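Me: I would like to learn how to read a structure feature by feature. Could you take me through one?

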Amino acid sequence: MQGRSECLLYEMFCDFNSEPGWAWTLVMSQSLKRRGEVFAKDSFLGIVFKKHRDPNWERYRIGGSRMRIVEALSSHWRITCDFPTHGVDYRDYVRATFKNLNPLKYNANGECREMEYINIRGHNCTQCTAAWWQTKSQQLTHFSDLDGCQFGKIAGSLANEANFGGYWKNNFSSEFRCSSKDTSNTNYWFGGRI
């Protein structure tokens, strides 16, 4: 049909309430029991997606092109743990700007990057650096047993303890909300202030 263009609409899950003055779009969510699936193991450098037309907490990831569209409209990213149960109470939570660490471009092992806020099992800091890992074959992950950044080793951490992703090697703590039980979920959001 000449002169007619088509517009595709996609169902997305957005959060306008948990943090007053902020708007967030869910770009990925995985339950701990799904940690071995490709969509949960692959980094944000890939374009894997799962259930992209059906937002859910257990296994959901939008495709790379849609993720880049949401990123272009966002200034920040955050990761929450068990959002349907806890909402945002800032425990087991991280928020940063794309300027300081862009999950769609970050490819490094253990670089210290500034976080606006990070909390793991009640240990937290604001406007501090934390070490992050991500390669093409490893999802964005913070390991809480290492020193070197302002937000360093957490007392009682397991060896190579993964937080906020990268749970495929049984290297996770039941004390961390994202990995406390098989049904626990890790939720990745892009957004910003409104």
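Reply: Gladly. Let's begin with charges: Lys and Arg count as positive and Asp and Glu as negative, while His and the chain ends are left out. Please keep in mind that this is a predicted model.

Me: How far apart are the mean positions of the positive and negative charges of the chain?

Reply: The chain has 25 positive and 20 negative charges, and their mean positions are 5 Å apart.

Me: Let's step back to the fold. How many helices and strands are there in the chain, and what pattern do they follow along the sequence?

Reply: The chain has 3 helices and 10 strands. Along the principal axes, the C-alpha atoms fill a box of roughly 65 × 35 × 30 Å.

Me: What share of the residues is buried, and what share of the contacts links residues 24 or more positions apart?

Reply: Of the 194 residues, 54% are buried. Among contacts with a separation of 6 or more, 58% are between residues 24 or more positions apart.

Me: Now salt bridges. What is the general idea, and how many are counted here?

Reply: Side chains of opposite charge can pair when their charged atoms come close. The cut-off is a side-chain nitrogen of Lys or Arg within 4 Å of a carboxyl oxygen of Asp or Glu. By this rule the count is 12 salt bridges.

Me: Which residue does E19 pair with, and where do the two partners lie?

Reply: E19 forms a salt bridge with R95, with 2.9 Å between the closest N and O atoms. E19 is in the loop between strand 1 (14-15) and strand 2 (22-31) and R95 is in strand 5 (residues 93-97), so the pair ties together parts that are 76 residues apart in sequence. Both E19 and R95 are buried.

Me: What about K33: which residue is its partner, and how far apart are the closest N and O atoms?

Reply: K33 forms a salt bridge with E58, and their closest N and O atoms are 4.0 Å apart. This pair also links distant parts of the chain: K33 is in the loop between strand 2 and helix 1 (38-41), while E58 is in the loop between helix 1 and strand 3 (59-61), 25 residues apart. K33 is partly exposed at 45% relative accessible area, and E58 is partly exposed at 27%.

Me: Let's follow E116. Where is it, is it buried or exposed, and which residues are in contact with it?

Reply: E116 is in strand 6 (residues 108-120). Its relative accessibility is 16%, and the cut-off for buried is under 20%, so E116 counts as buried. Apart from neighbours within four places in sequence, the contacts of E116 include W22, H76, R95 and Q127.

Me: What is the phi of F164, and where is F164 placed?

Reply: F164 has a positive phi of about 65°, and it is not a glycine either. Its place is in the loop between strand 9 (162-163) and strand 10 (185-193). F164 counts as buried, at 0% relative accessibility.

Methods
Residues numbered from 1 in each chain as written. Predicted model: local features only at pLDDT ≥ 70, side-chain atom pairs only at ≥ 80, totals over all residues. Heavy atoms only, no water. Helix = DSSP H or I, 4+ residues; strand = E, 2+ residues; numbered from the N terminus. Buried < 20%, exposed > 50% of the residue type's maximum accessible area, 1.4 Å probe, protein only. Contact = heavy atoms within 4.5 Å. Charge placed at Lys NZ, Arg CZ, Asp CG, Glu CD.
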